[in-house]
Amino acid sequence: MSSRHSKIASKALGLRNKMLLLIFMLLFSAEAGFNTQCCDDLKPCEDINHCTSGHQIPAKKTTEDCEGLCGLECYKKTTDDDDPLLCTWKSDTASPEAQYTLHYCAQGKHCLSFDAGTSTYCCIKRIDLRMRLNMTFWVQARATNTNITSRNITVNLTKAVKPDPPKDLKMNKSSGNLHLSWKKAAKEIEGSLNEIHIRRLNDSHWHNVTCETASGKETPEQCSVQVDSQPAYKLQIRTILKKHTELWGFWSEWSKIVFVPAEIQEPPQLQFVLRKLESSGTRSLNLKWTAPHNAMDSLGKMKYILTISMLPKECRTPLKLKINTTEHTMNIFNAGYRVSLVAFNKVGQSPKQTVFISPDHTEVCRANLTMVIDRIRQEQHCKKICVQCQDVLETQPSGSCGTYTGNKRHIMKEIFGNMKNLTRYRITVHCLKKLKTRTYEVYLTEGTPKSGPRNISVQATHNSVLVTWHPIPIDACQGFLLKYRLYYSAGNERNQTQVAEVDGEMTEYEIKNLSSNTVYKLEIAGTTAQGEGVRSTRHFQTLHRVVGSILQWTIAAISVCTLSLTGVLAIKRIKKVLLSAIPSPECSSAMNFPAQAPIPLQALKCEEEDEVKVLVVLERSAGPPPAEDTALTRAEESGDSDHTDSSSESGSLAGFESNFNPHYKTQVLTHPELEGDDSHDEAHL
């Protein structure tokens with residue numbers, strides 16, 4: 001016999017001996033009928049309390065009244081044959097110190113008993129069970145002067161499976177599709193049929209939905225329910241195992257009612273405040289954000305995921321934070337950063353809000369490549385660096401010529417080997433330990449500008465011109481621009497070209513001491529360390545000097561004439577108002593009252609609208625003045641005729657009115673010779 005066959009025979013003999021020993025122990029224990037303790041390695045009491053606690057849909061009540069002992073159930077939690085059996089019951093005994101014993105018999109024989117103590121459950125290990133046989137169970141309660149026995153139940157242990165309800169539900173809600181998932185029980189490989197009760201947050205009516213899950217050890221339990229995206233819901237779920245197409249065992253208890261929030265459809269509004277660069281090489285970044293606009297009770301408790309990425313991302317691993325508040329402050333380099341923020345709840349997350357923080361290039365050093373390399377290598381206390389190289393014309397950091405992180409001795413090969421000639425690069429060196437950053441602008445090799453300045457404009461006088469222009473674009477410089485050269489000469493003068501130079505940062509220059517009414521040729525070119533580039537040309541003409549003098553004298557003469565005329569008119573007006581002529585009583589025609597019909601009021605015109613005092617002068621006859629003269633004089637001295645009392649007028653002047661024309665008042669008031677200033681009338685009087 002070969003060694004292989006001998007090994008197989010020895011294993012078979014050992015297995016047979018174990019089986020015989022197991023059968024002997026079962027038969028001995030069944031015949032003896034001794035009591036054993038319930039297994040205590042599991043804690044089914046906690047599981048039961050978890051399954052039955054909380055709010056749940058009430059189960060159907062049985063007609064059986066629980067008097068004494070009732071509700072005995074025996075089941076496994078999975079379909080695994082090695083799982084223990086759990087038996088539970090209800091007790092209505094008056095004594096809280098009652099002792100319980102669980103009995104079972106396999107097909108009327110091989111009976112066993114288990115002491116449960118004061119507990120209302122008992123866990124039986126697989127070694128004490130007969131899986132292939134129908135088994136009958138009952139419970140006995142013993143108390144002082146009391147001995148109660150429950151009804152018997154017969155169980156097929158192969159199908160007696162009652163799983164735990166789903167725990168730790170994970171939810172995802174998108175466009176009204178609610179996706180639920182949970183883990184299978186340990187050792188379970190079968191699928192299940194699930195019943196879901198769901199209702200809206202403020203609704204009392206439950207809806208019933210069922211779904212099935214697939215079999216497989218690594219396959220998670222998953223269900224999908226179609227709901228509305230905005231409202232919040234509440235749901236609970238129970239399950240029953242399914243083997244092939246057959247339901248296997250009993251329904252689980254209902255799970256706890258869980259809250260299903262609404263979807264977050266708007267991103268949080270992110271703002272930031274960036275402080276100035278400090279001497280330490282860092283900037284303080286303060287981030288604040290507001291919750292989404294639809295942040296109501298239906299969204300539930302929200303948290304935020306804040307991701308801060310240094311640009312380029314190769315320099316540092318992005319920092320990802322879960323935050324419960326709406327504010328965060330941190331120190332950053334003077335490099336560029338990308339900050340993104342999302343809000344999330346139990347069912348999903350909001351759209352992402354992203355902001356870019358520009359790098360701080362306040363101190364940009366223009367140097368040649370050799371100088372930059374020497375500075376990097378001589379930097380002390382900075383062994384690990386991150387070097388970013390990019391074309392200055394790129395708006396976002398992209399690492400156009402590479403990004404290197406590591407020892408600074410290998411920077412030449414890793415970075416500068418990818419640079420191109422005649423292209424300006426910005427090199428940013430980050431010292432990762434000291435949080436310092438330096439920025440350089442370099443060329444691998446320089447050339448001369450391939451174009452001149454653009455949009456040249458001139459403002460000429462008779463002897464000078466102000467020249468302005470737009471700078472040469474960076475892509476046309478091909479090197480650092482040092483100066484601008486301006487060449488100008490008159491069109492009729494040969495070999496008389498003059499040259500002026502200005503700094504490369506300037507974009508204007510005034511040329512003086514030019515000839516009037518002369519055409520000039522102007523050329524401007526930029527220069528780099530490699531020499532002068534292409535020139536831009538412009539022609540202009542200075543103004544004529546005489547034309548300018550005549551124009552100035554003409555404007556001056558017109559101004560003098562205008563001022564003179566204005567002064568004369570003003571003097572006349574003042575004289576007329578303040579120094580008007582005093583009328584003479586003897587020569588005035590004011591007292592000549594014609595006998596013809598009175599002049600209509602419509603034909604009379606007023607030259608002045610000023611208030612006029614009327615002076616009436618009467619010729620005296622020989623002899624002593626009548627009494628009426630004295631009265632008239634008193635009436636005139638009493639004040640303005642316009643304010644004379646009506647009784648005085650009818651009394652003192654009654655004798656004179658009888659000798660005058662009835663319309664003398666109108667004639668006197670509107671007569672042009674009587675109009676004038678009140679002051680002159682009073683002086684004459």
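## Exercises on salt bridges and a helix face

Arg-366 counts as partly exposed, at 42% relative accessibility, in this predicted model.

**Exercise 1.** Determine with which residue Arg-366 forms a salt bridge, and which parts of the chain the pair ties together.

*Solution.* Begin with the contact itself: Arg-366 forms a salt bridge with Glu-441, and the closest N and O atoms are 3.8 Å apart, which falls within the 4 Å cut-off.

**Exercise 2.** Work out where Glu-523 and Arg-535 lie, and which network of salt bridges includes them.

*Solution.* The closest N and O atoms of the salt bridge between Glu-523 and Arg-535 are 3.0 Å apart. Glu-523 belongs to strand β36 (residues 519-528) and Arg-535 to strand β37 (residues 531-541), 12 residues apart. Glu-523 is buried, with a relative accessible area of 16%, while Arg-535 is partly exposed at 36%. Both belong to a network of salt bridges that also links Lys-483, Arg-485, Glu-501, Lys-521 and Glu-532.

**Exercise 3.** Explain why the buried residues of helix α3 are on the same side.

*Solution.* First list the buried residues of helix α3 (residues 369-378), namely Leu-369, Val-372, Ile-373 and Ile-376. Because they cover an arc of only 95 degrees around the axis, they are on the same side of α3. The face turned away from this buried side carries the exposed residues Thr-370 and Gln-378.

Note on methods
Residues are numbered from 1 along each chain as its sequence is written. This is a predicted model: local features need pLDDT of at least 70, side-chain atom pairs count only at pLDDT 80 or more; totals for chains, interfaces and linings use all residues. Side-chain values use heavy atoms; hydrogens and water are left out. Buried means under 20% relative accessible area, exposed over 50%, partly exposed in between (1.4 Å probe, protein chains only). Helices (H or I, at least four residues) and strands (E, at least two) are DSSP runs, numbered from the N terminus. The arc is that of the directions from the helix axis to the C-beta atoms. A salt bridge is a side-chain nitrogen of Lys or Arg within 4 Å of a carboxyl oxygen of Asp or Glu.
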